[in-house]
Amino acid sequence: MNARSFACRRSAARLLLGLSLLLPHAFAQAVNGGAEGPWDGFPRTHQVPRYEDDPGADPGYHFGVTQSFSPYRDPDRTEALPLPNPLDDPDFASYNLIVVVSKADDPFWGREQTLRVYKRGVGLLYYWLVSTGMAGHETAAGYFSPKSFSSRHWSSEYDAPMLWAVFFHGGMALHSSLDRASIADMGKAAESHGCVHEEDYRAEEMFHLIGQSGYGPVDQINERTGRRTGRTVNGYKALIIIGPVTPWTGTRTADAGGDAGQPADARPVATRLVLPAAGPDNAGDSPASVGVETASPAPADASATGNAAWPPDAGDPQDQEQAGF
């Protein structure tokens with residue numbers, strides 16, 4: 001072997017070693033038009049209930065996302081400013097971070113296929129485009145707590161990556177979308193199998209925002225009504241709201257569960273702020289017609305968020321990991 005051949009082989013070996021250590025953004029870059037990503041050696045993770053137990057957890061993460069993969073662009077922030085701020089609702093006082101996803105154009109929830117992040121002490125932090133579940137695979141509507149984290153998740157059902165996944169309802173998660181077609185659909189079409197697709201850099205930011213929102217006692221929130229159940233549970237101080245669903249009222253409920261069990265039309269409704277329509281029609285289900293799985297009467301904690309543990313009937317977290325890509 002001559003010196004030139006040896007140098008080439010050594011360079012190739014170094015390149016392969018570098019590929020094995022690539023961060024998730026590099027994998028995303030590969031899917032978005034670069035060389036093929038090393039999917040066979042993809043360093044996969046599984047769901048864990050605590051952020052700090054995931055290999056992607058980073059206490060020193062620098063917040064303030066500015067990068068994005070083409071063709072993604074953030075929407076005009078001023079669209080979201082007139083919308084109701086969930087931080088103003090007394091029932092959510094124990095939460096430091098609230099994520100609001102709008103699946104359909106609605107005067108209360110805002111423009112379809114968008115996501116808003118509210119941080120206590122800051123107000124509206126981010127306004128992003130997303131893509132939710134397509135017809136037949138609709139993303140569940142309701143008020144949810146983060147149940148588990150998996151920064152390099154893999155969907156076995158769809159044989160595809162789900163980077164920076166934060167699971168909130170069974171197999172449904174907030175996670176990165178990697179290909180250009182999916183990124184182009186954000187803000188325009190519901191094209192997932194139940195998850196909420198985010199641009200990759202924004203999915204990473206969300207993963208750390210929720211994971212570092214704080215952990216401790218929070219008011220348990222009913223998934224159907226968005227009202228306190230009267231119980232205090234340990235969990236992340238982050239709330240994930242998927243609408244349209246019964247809107248929060250801004251009126252504190254009684255400590256013993258308040259009006260959480262009353263029908264939606266028996267409770268006060270917040271003032272709705274009308275925005276210009278983002279599309280030709282206000283398409284999609286109205287808040288009154290959106291189905292939620294917890295609609296049947298149940299014990300106070302059976303349809304409530306804020307629990308750090310898995311639901312009693314959910315089984316092993318890894319058994320659900322492919323359901324909502």
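**Buried charges and backbone details**

Modeller: Asp89 counts as buried at 1% relative accessibility, where buried means under 20% relative accessible area, exposed over 50% and partly exposed in between, with a 1.4 Å probe and protein chains only. This is a predicted model, in which local features need pLDDT of at least 70 and side-chain atom pairs count only at pLDDT 80 or more, while totals for chains, interfaces and linings use all residues. Residues are numbered from 1 along each chain as its sequence is written, and side-chain values use heavy atoms, with hydrogens and water left out.

Biologist: Which side chain does Asp89 meet in a salt bridge?

Modeller: Asp89 meets Arg227 at 2.7 Å, N to O, a salt bridge being a side-chain nitrogen of Lys or Arg within 4 Å of a carboxyl oxygen of Asp or Glu. Asp89 lies in the loop between helix 2 and strand 1 and Arg227 in the loop between strand 9 and strand 10, so the pair ties together parts that are 138 residues apart in sequence. Helices (H or I, at least four residues) and strands (E, at least two) are DSSP runs, numbered from the N terminus.

Biologist: And Arg227, buried or exposed?

Modeller: Arg227 is buried, with a relative accessible area of 0%.

Biologist: What about Asp91, which residue is its salt-bridge partner?

Modeller: Asp91 pairs with Arg228, and their closest N and O atoms are 3.7 Å apart. This pair also links distant parts of the chain, with Asp91 in the loop between helix 2 and strand 1 and Arg228 in strand 10, 137 residues apart. Arg228 also forms a salt bridge with Asp219, at 3.9 Å from N to O, and both of these residues are buried. Salt bridges that share partners join Asp89, Asp91, Asp219, Arg227 and Arg228 into one network.

Biologist: Changing topic, how do strand 9 and strand 10 pair?

Modeller: Strand 9 and strand 10 (residues 228-236) run antiparallel over six bridges, and two strands count as paired if DSSP finds at least two bridges between them. Val218 stands opposite Val233 in strand 10, and in the five residues between the strands of this hairpin, Gly226 takes a positive phi near 75 degrees.

Biologist: Which residue other than glycine has a positive phi near 55 degrees?

Modeller: That is Trp164, which sits in strand 6 (residues 160-169) and is buried, with a relative accessible area of 5%.
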